[in-house]
Amino acid sequence: EPGEPIASVALSDRVDASNAPRPSNDSERLLFRQVYETLVRSDCMGRVVPGLAASWRLDGDGRTWIVTLRDTARFSDGAPVTAMDVQGSWSDAGGTGELRPSASRLVESIVPIGERVVAIKLRSPRTDAPMPLAHADLAISKAVADSPWPAGTRSTRITPDRSGAPSSGSSALVVSRENQPPIRFVVAPGDPRDLLGRGAGLLLTRD
């Protein structure tokens with residue numbers, strides 16, 4: 001039924017909203033990618049394809065990529081994603097303008113040069129494609145005043161699931177999706193295989 005969650009996805013690792021959008025384990029990696037995007041993506045053949053960026057070109061120094069955001073890039077609240085948003089997402093929360101450690105190991109600098117254009121100098125020279133920009137640590141988000149979850153750039157939101165009664169010690173989150181049934185993620189301690197008998201349709205494990 002529209003609006004009703006599909007069978008739950010059972011996650012075996014702890015999920016922490018303070019990590020979003022940069023996953024620290026496989027469970028967060030699966031959950032976060034439902035909500036947060038990077039400037040480019042890597043397809044199944046290992047090729048760079050557009051994400052939030054519509055195009056990119058290499059500048060003369062061989063390390064700086066001029067990246068143009070797509071016109072339709074929006075946060076989940078409908079606000080456009082700007083070059084300043086990209087810079088802010090990668091910068092520390094203290095407002096000093098310095099890149100976060102998770103970003104600075106991949107990116108040397110980022111400079112907005114227009115409303116939707118940024119100049120990004122990578123740590124490692126890449127003349128073929130800006131593959132480091134596909135790393136999950138460079139996903140784009142912005143803080144939301146009334147939520148522990150930053151807003152992402154997909155038409156999805158993460159909210160606590162208060163409709164059901166997860167097993168003792170477990171918690172549940174719902175990813176609401178536009179025009180699609182929501183997905184319920186159950187984060188379970190101990191042996192999450194027990195959740196298969198209670199309706200989980202997918203179990204993410206280390207095996």
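Where is the place of Gly51? That residue opens the tour in point 1, and the other points follow from there.

1. **Gly51.** In this predicted model, Gly51 sits in the loop between strand S3 (48-50) and strand S4 (53-58). Helices (H or I, at least four residues) and strands (E, at least two) are DSSP runs, numbered from the N terminus. Gly51 has a relative accessible area of 7% and is therefore buried; buried means under 20% relative accessible area, exposed over 50%, and partly exposed in between (1.4 Å probe, protein chains only). Leaving aside neighbours within four places in sequence, Gly51 is in contact with Thr38, Leu39, Val40, Arg41 and Arg70, where contact means heavy atoms within 4.5 Å. Leu39 is twelve residues apart from Gly51 along the chain, and the C-alpha atoms of the two are separated by 4.8 Å.

2. **How to read the model.** Residues are numbered from 1 along each chain as its sequence is written, and side-chain values use heavy atoms, with hydrogens and water left out. Because this is a prediction, local features need pLDDT of at least 70 and side-chain atom pairs count only at pLDDT 80 or more, while totals for chains, interfaces and linings use all residues.

3. **Confidence.** The predictor's confidence in each residue, pLDDT, runs from 0 to 100. Its mean for the protein is 87, and 88% of the residues reach 70 or more. Confidence is highest in strand S5 (residues 64-69), at a mean of 97, and lowest in strand S11 (residues 200-204), at 80.

4. **Overall build.** You will find three helices and eleven strands here. Read from the N terminus, the order of elements is β-α-β-β-β-β-α-α-β-β-β-β-β-β. Of the 207 residues in the protein, 43% are buried. Among contacts between residues at least 6 apart in sequence, 53% join residues at least 24 apart. The protein exposes about 10,800 Å², and carbon and sulfur atoms supply 49% of that area; accessible areas come from the Shrake-Rupley method with a 1.4 Å probe, and for residues only the protein chains shown count as cover.

5. **The largest pocket.** How many residues line the largest pocket? There are 17, and Arg33, Tyr36, Thr38, Ala134 and Ala136 lie nearest its centre. Helix H1 (26-32) and strand S2 (40-42) are the elements that give two or more residues to this lining, with the largest share, three residues, coming from S2. The volume of the largest pocket is about 390 Å³. On a 1 Å grid over the protein atoms alone, a pocket is an open set of points where a 1.4 Å probe fits, with protein on both sides within 12 Å along at least five of seven lines; lining residues have an atom within 4 Å of a point. Grid points are joined across faces, edges and corners, and a volume is the space filled by probe spheres set on the points. By class, the lining has eight nonpolar, three polar and six charged residues (Ala, Val, Leu, Ile, Met, Phe, Trp, Tyr, Cys and Pro count as nonpolar, Asp, Glu, Lys and Arg as charged, and the others, Gly among them, as polar).

6. **The second largest pocket.** This one has a volume of about 220 Å³. Its lining counts 16 residues, with Arg100, Ser141, Lys142, Ala143 and Pro150 the closest to its centre. Eight of the lining residues are nonpolar, five polar and three charged.

7. **Two prolines.** Pro21, in the loop between strand S1 (8-11) and H1, is joined to Ala20 by a cis peptide bond, with omega about 10°. Pro80 belongs to the loop between S5 and helix H2 (83-90), and counts as partly exposed because its relative accessibility is 39%. Beyond four places in sequence, Pro80 is in contact with Ala73, Arg74, Phe75, Asp85 and Arg116.

8. Ser102, in helix H3 (residues 101-104), is in contact with Arg22 and Asp137, leaving aside neighbours within four places in sequence. At 17% relative accessibility, Ser102 counts as buried. Arg177 lies in strand S9 and is partly exposed at 23%. Asn179, in the loop between strand S9 (171-177) and strand S10 (180-187), has a positive phi of about 60° although it is not a glycine. Its relative accessible area is 75%, so Asn179 is exposed.
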